[in-house]
Amino acid sequence: MSGTAALGIDVGTSGVRAAILEPGEHVVATSAASMNDYGANSRDPKVWLSTLTAALEALFQKVSATEIGAIAIDGTSGTVLGLDIHGQPVGDGLMYNDAVKDPKIPAAIASVAPRDSAAHGASSALARSIALQDRPGVVRIVHQADWIAEQIAGTAVPTDESNALKTGYDPVARRWPSWLEKTPLRQDLLAEVVPAGQQTGSASGRFGLPKGAALIAGATDGCASFLATGASEPGDAVTALGTTLTVKLLSDSPIFAPEFGIYSHRIGNRWLAGGASNTGGGVLAEYFEPDEIIRLSAKIDPNVETGLDYYPLTAPGERFPVNDPALAPRLEPRPDDDATFLQGIFEGIARIEALGYNRLVSLGAPKQTSIRTVGGGARNTVWQGIRLRHLGLSPADVVSNDAAVGVARLALTHLDQS
């Protein structure tokens, strides 16, 4: 089976994970390495490479690298890096949550970008790219996943439509739009863009990878996590219950509604429409310890409503399905019984999730036909029961919670079609 397996590499905020899939999408092996072992600065590209090396070394102790025929990579959405003429990083990368300090940059973008562009705001990849270009010696701007792919190929490679979205790419027209020329960004810094899943180059033999293995355009970490679940048909929905709540719905057509915090990533000829709310597990952590949540959940009947009308937030401000930076948390009245209070929070988050999916459907997305749940909240069966009642759906099996598995699916699809 030499060369018939696919390797997925997930470069996250604190570590690197790797997964190998063989035909039939069977997970052969996985591995992980923490960036904390190689330095405290997760923005340092040298830390990314050291962590990647460790993750692959651990993987190849379990399975031979000669099995690999294709490789795809995902990175944190919107993380960008400036490179010099030799392809070397000029300082640290700017991460997905790094906002530019100069207010003139987002203002310049807002003056020319269409309202439905994902490039708006001080935290967009476009805003960070404009800031990066002022570093002496910068001749190219790349996304985190692009740069890792470049290290594997030994040469520059195109970026993908998913990572390019927040840098201003137009996924409908499938090109860098003309309005970008009116922003402060130098156009010669931008990379070529290709669809996710298209071959962009070949492995050079570095990192112990087989020379000549196909390098496949990947995606953002959020898109890769969606693909990892096994969701594959329009109407398949995936909710991530982490510190915040993220919903994504697979659609045949894109949905862009910035007034509701909704945008769409393009994956081939399908679209991942969705948004991210500020509600989620972070609110629970404000009031309860993890062991306390488990103990109190055992006292809750998920089929009986509390009647509490909460909008759980840790601080004012919401992104989706209501885009209101001043929206106040609503967590009153607080009952004397802690289990009832916890259930009220569960119900509030469930209503926000249901509103999010209903909003997508009202804007043209297909009605969800399945729901898969990932993240720490997926382990709480009472919370699950409350959510499923509000959504009116039965849970679908999650193939994997590992973004590395999702991006490996892109590489495996390429092999299957070759």
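Modeller: Two strands pair if DSSP finds at least two bridges between them; strands (E, at least two residues) and helices (H or I, at least four) are DSSP runs, numbered from the N terminus. The model is predicted, so that local features need pLDDT of at least 70 and side-chain atom pairs count only at pLDDT 80 or more, whereas totals for chains, interfaces and linings use all residues. Residues are numbered from 1 along each chain as its sequence is written, and side-chain values use heavy atoms, with hydrogens and water left out.

Colleague: How many bridges join strand β1 to strand β4?

Modeller: Strand β1 covers residues 5-11 and strand β4 residues 68-75, and the two run parallel. Ala6 has Ala70 of β4 as its bridge partner. The number of bridges joining β1 to β4 is seven.

Colleague: Which are the edge strands of the open sheet of six strands?

Modeller: Pairing in this sheet is mixed, and the order is β3-β2-β1-β4-β10-β9. An edge strand pairs on one side only, and here the edge strands are β3 (26-34) and β9 (199-202).

Colleague: At what angle to β1 does helix α11 run?

Modeller: Helix α11 (residues 403-417) lies across β1, β2, β3, β4, β9 and β10. Angles run from 0 to 180 degrees between N-to-C directions, and axes are lines fitted to C-alpha atoms, for helices over the stretch in contact. The angle of α11 to β1 is about 145 degrees.

Colleague: Are α6 and α11 roughly parallel or roughly perpendicular to each other?

Modeller: Helix α6 (residues 221-228) packs on α11 at about 85 degrees, with the axes 6 Å apart. Angles under 35 degrees count as roughly parallel, over 145 as roughly antiparallel, 65 to 115 as roughly perpendicular and the rest as oblique. The two helices, α6 and α11, are therefore roughly perpendicular.

Colleague: In which crossing does α1 pass α4?

Modeller: Helix α1 (residues 45-59) and helix α4 (residues 144-153) have axes 11 Å apart and an angle of about 60 degrees, which makes α1 oblique to α4. A crossing is left-handed if the near helix is turned anticlockwise from the far one by less than a right angle, and right-handed if clockwise. The crossing of α1 with α4 is right-handed.

Colleague: Which residues of α4 make the contact with α1?

Modeller: Contact means heavy atoms within 4.5 Å. On the α1 side, Pro45, Trp48, Leu49 and Leu52 take part. On the α4 side, the residues are Gln144, Trp147, Ile148 and Gln151.
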